[in-house]
Amino acid sequence: MFTAEVGDDVYGEDPSVKLLESMAAQLFGREAALFSPSGTMSNQIGIKVHTRPGDEVICESQAHVYIYEGGGIAFNSGSQVKALPGDRGRINAAQVLAAINPDDVHKARTSLVCLENTSNRGGGACYEMAGMQAIREVCKNHNLKLHLDGARLFNALVATGENPLEYGRLFDSISICLNKGLGCPMGSLLIGDDDYIRQARRVRKVFGGGMRQAGYMAAAGIYALENHIHRLQRDHDHARILAEKLAVKEFVIEVMPVQTNILIFSVAGKYTPASFTTRLREKNIKCSAISPTQVRMVTHLDVTEAMIDRTLQVIDTL
Ligand SMILES: *Cc1c(COP(=O)(O)O)cnc(C)c1O
């Protein structure tokens with residue numbers, strides 16, 4: 001990062017940002033990409049370009065774009081959300097089809113479907129490729145755009161062995177995060193065709209996300225794309241080991257299936273989520289209480305095998 005070649009990216013003159021953007025576009029077989037400071041901004045720009053005020057966006061009821069972006073779809077795009085109950089964060093083509101509004105002046109114009117893969121609140125669950133293809137088909141037949149919140153997409157790619165080019169063909173736009181499993185201090189990329197990214201670049205400026213010598217940050221992204229994708233499997237293995245240990249504890253009621261690096265489980269009896277997380281915090285192990293019954297743990301590249309071993313030992317004593 002210190003030795004990155006930089007320039008003024010607002011003038012399109014930062015070679016490191018340009019390289020990162022072209023690497024991301026190429027990886028998904030698309031024309032262009034746009035570097036943003038956060039995944040939230042990347043999603044919000046993506047949605048803004050696809051919609052007009054008064055539109056309706058279809059997504060899952062626990063989707064990040066809906067529940068964790070500060071009401072951004074309403075604030076930034078003037079659009080409303082139709083939130084569908086999913087299976088561990090995933091919706092299906094029949095649900096999407098049924099949710100599309102008819103062409104009627106009383107109704108909001110349905111213009112966009114957002115999917116999230118992997119699903120954060122779904123415990124890192126991955127979509128089936130066939131399921132996403134069926135949703136694409138519905139979108140095509142009803143003139144809807146399809147956006148992917150792929151903040152954790154690399155976890156899905158590693159877990160399923162899918163090719164990123166398949167995603168590039170399926171979605172009008174994809175947002176990926178460099179600051180999650182890939183381990184960068186900051187940064188996300190929005191990926192699409194030239195015309196879409198040109199409009200997105202304008203919206204990024206309006207949102208205040210045009211950055212000058214951003215190449216220092218882009219350099220971390222380039223490193224991550226080259227070095228941090230395949231190692232995600234280790235995070236998935238760590239999450240599974242933790243899940244197996246927790247599953248046999250009498251105070252653990254249910255462990256959601258672990259496909260990637262997120263582990264969500266419910267506790268009862270001896271612990272509440274709050275008392276469980278406090279107890280672990282005393283041992284310097286951080287996890288979150290995410291509902292009155294559930295705890296969430298996430299593994300990542302800064303969590304070493306030794307840390308997992310120690311966590312297993314601590315769980316043994318609970
Ligand atoms: C973290 C996350 C985001 C947003 O990323 P930030 O960089 O934290 O703004 C978007 N979607 C999902 C599913 C996420 O997990």
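What percentage of the 318 residues in the protein is buried? Buried residues account for 54% of them. The model is a predicted one, and its secondary structure consists of 13 helices and eleven strands. The points below begin with the whole protein and then turn to the ligand, the strands and some individual residues.

**Overall dimensions**

- The radius of gyration of the protein is 20 Å, which agrees with the value near 20 Å that a compact globule of 318 residues would have.
- Taken along the principal axes, the box filled by the C-alpha atoms is roughly 55 × 55 × 35 Å.
- Thr110 and Pro273 are 163 residues apart along the chain, and their C-alpha atoms are separated by 38 Å.

**The ligand and its surroundings**

- The ligand is surrounded by 13 residues, of which the closest are Gly39, Thr40, Asp149, Asn179 and Lys180.
- Helix α2, which spans residues 39-50, gives the most to the shell, with three residues.
- On its own the ligand has 380 Å² of accessible area, and the protein covers 87% of it.

- Strand β6 comprises residues 173-177, and five of its five residues are buried, so the strand is largely enclosed by the rest of the structure.
- In a regular strand, side chains alternate between the two faces of the sheet.
- In β6, Ser173, Ser175 and Cys177 point one way, whereas Ile174 and Ile176 point the other way, and all of these residues are buried.
- Strand β5 (residues 145-150) runs parallel to β6 and is joined to it by four bridges; Gly150 has Ile176 of β6 as its bridge partner.
- Strand β7 (residues 188-192) runs antiparallel to β6, again with four bridges, and Ile191 in β7 stands opposite Ile174.

**The open sheet of four strands**

- Strands of a sheet pair through backbone hydrogen bonds, and the pairing is either parallel or antiparallel.
- Which order do the strands take in the open sheet of four strands? The order is β8-β9-β11-β10, and the pairing is antiparallel.
- The edge strands are β8 and β10 (288-289), each of which pairs on one side only.
- Strand β8 (residues 252-255) and strand β9 (residues 262-267) are paired in the antiparallel sense over three bridges, with Val255 opposite Phe265 in β9.
- A hairpin through six residues joins β8 to β9.
- Strand β10 is joined by two bridges to strand β11 (residues 294-298), and the two run antiparallel; here Ser288 stands opposite Arg296 in β11.

**Two buried threonines**

- Thr260 lies in the loop between β8 and β9. Is Thr260 buried or exposed? Thr260 has a relative accessible area of 0%, so it is buried.
- A polar atom of the Thr260 side chain lies 2.8 Å from the backbone oxygen of Gly124.
- Thr110 belongs to strand β4 (residues 109-116). With a relative accessible area of 10%, Thr110 is also buried, because this value is under the 20% limit for a buried residue.

**Backbone features in loops**

- Most residues other than glycine have a negative phi, and most peptide bonds are trans.
- The peptide bond that joins Asn117 and Thr118 is cis, with an omega of about -5°; Thr118 is found in the loop between β4 and α6 (129-141).
- Asn143, in the loop between α6 and β5, has a positive phi, near 60°. The relative accessible area of Asn143 is 72%, so this residue is exposed.
- Asn284, in the loop between α12 (273-282) and β10, likewise has a positive phi, near 65°. Asn284 is exposed because its relative accessible area, 66%, is over 50%.

Definitions and conventions. Residues are numbered from 1 along each chain as its sequence is written. This is a predicted model: local features need pLDDT of at least 70, side-chain atom pairs count only at pLDDT 80 or more; totals for chains, interfaces and linings use all residues. Side-chain values use heavy atoms; hydrogens and water are left out. A residue is near a molecule or strand if one of its heavy atoms lies within 4 Å of it. Accessible areas come from the Shrake-Rupley method with a 1.4 Å probe; for residues, only the protein chains shown count as cover. Two strands pair if DSSP finds at least two bridges between them. The radius of gyration is taken over C-alpha atoms; the globule rule is 2.2 Å times the number of residues to the power 0.38. Buried means under 20% relative accessible area, exposed over 50%, partly exposed in between (1.4 Å probe, protein chains only). A polar contact is a pair of N or O atoms within 3.5 Å; within protein, one must be able to donate a hydrogen and the other to accept it, and residues adjacent in sequence count only if both atoms are side-chain atoms.
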